[in-house]
Amino acid sequence: MGLRDLLMNHGMAEGGLELPDVLNILAKGGVLVDVRTPREYEAGHAPGSRLVSPKELIADPFTAVYGDDPLAEPDPQFVLVCDTGFRSGHLVDRVREKGYTCDFLASGLRAWRAGGEILIPGPPRGR
């Protein structure tokens, strides 16, 4: 393990899902929650992902992700994503503490791209 790996993984949440597992969860109705900045999201995001600020996610995960959507899944499974898995890995336990099923994509959008999945540019869709 090099110095860069050590620094990147310092304080990292254990675990994280690999891309095939995340894609399986999404195919079954899971929600991909992007916890990056609006600027990062607009530069390129996973199709269908929902941009949510970490502060709002910690305060009230359901409302932060769904707003007042009357068709929201009552018992959602969230998968958090960021560029490297660092931010999302730190947030996952905070969402779980609120009683939600939540995981994160190990290595983040780096793993997404490495797995052949696309990123699309543009602003978040309205809720």
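Tutor: Start with one pair of residues. Val33 has Arg50, in strand 2, as its bridge partner. This is a predicted model, so read every value below as computed from it. The bridge belongs to a parallel pairing: strand 1 and strand 2 are joined by 2 bridges.

As background, strands of a sheet pair through backbone hydrogen bonds, either parallel or antiparallel.

Go back to Val33. Setting aside neighbours within four places in sequence, Val33 contacts Arg50, Val52, Leu57, Val65, Phe78, Val79, Leu80 and Val81. Val33 also figures in the largest nonpolar core, which has 17 residues. Val33, Val35, Leu57, Val65, Phe78 and Leu80 are the ones that touch the most other members. Strand 1, helix 5, strand 3, helix 6 and strand 4 each give two or more residues to this core. There is a second, separate core of 12 residues, with Leu17, Leu19, Leu32 and Ala111 among its members. In general, nonpolar side chains tend to be buried together in soluble globular proteins.

Asp34 sits in strand 1 (residues 31-34). Its relative accessible area is 0%, so Asp34 counts as buried. What does Asp34 touch, leaving aside its neighbours within four places in sequence? The contacts are Tyr41, His45, Ser49, Arg50, Leu51, Val52, Val81 and Leu109.

Take helix 6 (residues 86-96) to begin with. Ser88, Gly89, Leu91, Val92 and Val95 are its buried residues. They pack against helix 4 (54-59), helix 5 (61-66), strand 3 and strand 4 (101-104).

Then helix 2 (residues 19-27). Leu19, Val22 and Ile25 are buried there. They span an arc of only 120° around the axis, which puts them on the same side of helix 2. The general rule is that an α-helix has 3.6 residues a turn, so residues three or four places apart point the same way. The face turned away from the buried side carries Pro20 and Ala27, both exposed. The buried residues of helix 2 pack against strand 3 (77-81) and helix 7 (108-114). Leu19 is also one of the members of the second core. Just after helix 2 comes Gly29, with a positive phi of about 105°.

Ser107 has a positive phi as well, near 70°, and is not a glycine. Ser107 is in the loop between strand 4 and helix 7. Its relative accessible area of 43% makes Ser107 partly exposed.

Cys82 is buried, at 1% relative accessibility. Cys102 is buried too, at 3%. How many disulfides does the model contain? The count is 0.

One more pair, this time on helix 3. Ala43 lies in helix 3 (residues 38-43). With a relative accessible area of 65%, Ala43 is exposed. The C-alpha atoms of Ala43 and Leu119 are 8.8 Å apart, although 76 residues separate the two along the chain.

Last, the whole chain. It has 7 helices and 4 strands. From the N terminus the order is α-α-β-α-β-α-α-β-α-β-α. Of its 127 residues, 38% are buried. Consider contacts between residues at least 6 apart in sequence: 64% of these join residues at least 24 apart.

Notes
Residues are numbered from 1 along each chain as its sequence is written. This is a predicted model: local features need pLDDT of at least 70, side-chain atom pairs count only at pLDDT 80 or more; totals for chains, interfaces and linings use all residues. Side-chain values use heavy atoms; hydrogens and water are left out. Buried means under 20% relative accessible area, exposed over 50%, partly exposed in between (1.4 Å probe, protein chains only). The arc is that of the directions from the helix axis to the C-beta atoms. Contact means heavy atoms within 4.5 Å. Two strands pair if DSSP finds at least two bridges between them. A disulfide is a pair of cysteine sulfur atoms within 2.5 Å. A nonpolar core is a set of buried Ala, Val, Leu, Ile, Met, Phe, Trp, Tyr and Cys residues joined through side-chain atoms within 4.5 Å.
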